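The entries are in the order in which I looked things up.

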Amino acid sequence: SYSYSDKYYATYTFRYDGSSNFGPKNRWAPFHSVAGSWRFTNEDFMSGVKGIFSNGKLRLGWGQTGNQNIGGYAWGASISKMETGLGMGYRQSNIANPYIKWETQEQFNIGLDLGLINNRIELTVDAYDKISRDMLMQMQLPSYMGTRGNGSSALAAPRGNFGTIDNKGIEFSITSHNFKRNNFTWDTELQVSFNKNTLEALDGTDAAYLEGYGQWSDVVSRSRVGESLYNYYGYKVAGVYQDLEDIKSWPKAEKYPADGKSFSRTNTVYPGDLKFEDISGPNGEPDGIINEYDRTNIGSPLPKFTFGLNNTFNYKNIDLTVFINGSYGNKVLNYMSRNLNNMESLWNNQLSMVTERARLQQVNESFTYPRTNSTGATVYNWFDDIDNVRVANPNATIPRAIQNDPNDNTRLSDRYIEDGSYLRVKNIVLGYNFDKKLVRKLHLETLRVYANVQNLVTLTKYSGFDPEIGVSTASVNVYGLDNGRYPSPQIYSFGLNLSF
């Protein structure tokens with residue numbers, strides 16, 4: 001470390017780290033960092049503005065750190081128990097990789113610290129570019145390797161070093177001493193963080209991607225090279241089929257009858273089903289067919305920014321703290337809604353929103369049944385007659401009720417993607433510190449009572465229990481998936497602090 005005249009500072013650090021989380025070949029790795037700063041408010045030319053700028057420092061740094069967070073013996077092949085029809089058995093639980101090594105995180109940073117009006121207002125700004133190389137990630141292997149399916153029997157893919165991720169962002173922190181008079185003070189702290197990440201490389205090819213699963217092998221996210229992480233992956237919904245003409249004029253659904261005529265309410269696409277956008281085909285261009293090539297990026301679970309606001313009030317022996325936090329711009333995949341508003345099963349409970357589903361009505365009440373319709377089929381009820389049905393509520397966003405769901409209306413699509421932005425009154429604490437004279441008579445150092453409320457109010461448009469989802473505990477490469485996550489509880493507590 002070096003400093004000169006309380007103006008110029010420099011630091012250099014070297015680390016040589018070792019971890020038994022890695023195999024014998026790659027246990028050790030070197031890491032460097034260097035930083036410098038300039039306290040410009042101590043320069044002579046700033047003497048005339050000391051009343052305004054009480055403190056000012058410009059910082060610049062570059063550094064490396066290592067990541068070893070893969071768990072013990074993840075480089076080797078471990079054995080786990082497994083129940084079998086012949087009793088307790090043992091199996092290999094993961095594929096080994098003895099060549100795995102340290103992940104390196106390299107960060108450039110520029111920062112500014114300002115103190116204004118005798119430090120009554122303190123501002124800190126940091127801009128950074130953090131690159132993570134040789135990422136410790138689980139490899140994506142084809143299903144025939146036995147690495148997909150039920151976690152109780154699937155063979156875990158090996159950990160490896162094969163990803164590069166770039167995080168760029170800027171963070172603001174403001175502390176303000178707003179008011180101080182007659183035993184009353186009011187202080188405010190505000191933090192706002194903007195971050196954008198990009199998957200720069202993966203296994204040395206631009207065509208690679210990371211998949212995340214919602215349940216079993218159901219793909220819900222795909223992180224592509226050149227895009228941000230954890231993007232939801234599915235279909236875009238363009239509305240609900242209104243009638244036969246609407247079905248014929250739209251790109252052909254997967255359950256479109258081969259002869260173009262034999263429509264069936266229970267076996268083919270039908271009015272009231274969802275119509276999905278024709279995004280792409282095998283050659284990358286729309287091909288007039290709805291199929292797996294039409295899956296695309298349908299939203300990001302990562303917020304545009306997060307924030308926290310803390311206000312502290314003090315009056316004599318009474319103190320009050322109110323903390324508010326939240327995020328803006330992130331999406332949530334409501335996986336619970338996917339299971340509870342589709343009516344494909346006769347036995348599942350449903351959310352009340354299914355009352356707004358697409359409902360069919362008869363177009364021509366003069367038709368008599370049985371009759372032969374334009375497709376040449378004999379039908380016995382108007383609702384089975386493709387010529388005589390249409391949707392009664394054209395603005396419906398929930399598909400018709402039909403067992404077995406021939407159009408696969410429940411496939412992952414943007415109708416399950418919701419705005420996850422929120423503002424939450426996270427914590428309120430009201431306390432009282434007893435007078436020191438009374439405390440001494442009780443042979444104590446301090447005596448304080450307090451009341452605390454956590455998660456008092458949450459303002460959000462999200463229809464689920466809680467918009468603050470975070471990383472999936474069931475699958476890697478998935479973020480912001482609500483599969484019945486227990487919501488943050490509202491907690492009221494009272495306490496007493498004593499020190500002797």
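**Entry: ground rules**

I am working with a predicted model, in which local features need pLDDT of at least 70, side-chain atom pairs count only at pLDDT 80 or more, and totals for chains, interfaces and linings use all residues. Residues are numbered from 1 along each chain as its sequence is written, and side-chain values use heavy atoms, with hydrogens and water left out.

**Entry: salt bridges around R59**

I searched the whole structure for salt bridges and found 21. For this a side-chain nitrogen of Lys or Arg must be within 4 Å of a carboxyl oxygen of Asp or Glu. I looked up R59 and found its side chain in a salt bridge with that of D113, at 3.0 Å from N to O. R59 is in strand β4 and D113 in strand β7 (residues 103-116), so this pair ties together parts that are 54 residues apart in sequence. Strands here are DSSP runs of E with at least two residues, helices are runs of H or I with at least four, and both are numbered from the N terminus. I noted that R59 and D113 are both buried. Buried stands for under 20% relative accessible area, exposed for over 50%, and partly exposed for what is in between (1.4 Å probe, protein chains only).

R59 also forms a salt bridge with D126, and the closest N and O atoms are 3.0 Å apart. D126 belongs to strand β8 (residues 121-133) and R59 to strand β4, so the pair ties together parts 67 residues apart in sequence. D126 counts as buried because its relative accessible area is 17%.

Next I took R424, which forms a salt bridge with E468, the closest N and O atoms being 2.5 Å apart. The pair links distant parts of the chain, with R424 in strand β27 (residues 422-433) and E468 in the loop between β28 and β29, 44 residues apart. Is R424 buried or exposed? R424 is buried, because its relative accessibility is 3%. E468 has a relative accessible area of 25%, so I put it down as partly exposed. I then saw that salt bridges with shared partners join R424, K426, D466, E468 and R485 into one network.

**Entry: surface patches**

Which residues form the nonpolar patch on the surface? I listed Y2, Y4, Y8, W38, F45, L58, L60 and I110, with about 850 Å² of accessible area together. Patch residues have over 30% relative accessible area and no salt bridge; like charges are joined within 9 Å, and nonpolar side chains (Val, Leu, Ile, Met, Phe, Trp, Tyr) within 5 Å. The areas come from the Shrake-Rupley method with a 1.4 Å probe, and for residues only the protein chains shown count as cover. Strands β1 (2-4) and β4 (53-67) each supply at least two residues of the nonpolar patch. Y4 lies in β1, and its relative accessible area of 48% makes Y4 partly exposed.

I also found a positive surface patch, formed by K436, K437, R440 and K441. Lys and Arg count as positive and Asp and Glu as negative, while His and the chain ends are not counted. The place of a charge is taken as NZ of Lys, CZ of Arg, CG of Asp or CD of Glu. K436 is in helix α3 (residues 436-441), and its 60% relative accessibility makes K436 exposed.

**Entry: backbone angles**

I checked the peptide bond from Y369 to P370 and found it cis, with omega near 5°. P370 sits in the loop between β22 (360-362) and β23 (371-372).

D134, a residue other than glycine, has a positive phi, near 55°. D134 is in the loop between β8 and β9 (136-138) and is partly exposed, at 27% relative accessible area. Y230 likewise has a positive phi without being glycine, near 70°. Y230 is in the loop between β14 (219-224) and β15 (233-234).

**Entry: single residues**

N477 lies in the loop between β28 (446-460) and β29 (481-482). N477 is buried, at 15% relative accessible area. A polar atom of the N477 side chain lies 3.2 Å from the backbone oxygen of E211.

N183 is in the loop between β11 (163-181) and β12 (184-202).

Conventions
A polar contact is a pair of N or O atoms within 3.5 Å; within protein, one must be able to donate a hydrogen and the other to accept it, and residues adjacent in sequence count only if both atoms are side-chain atoms.
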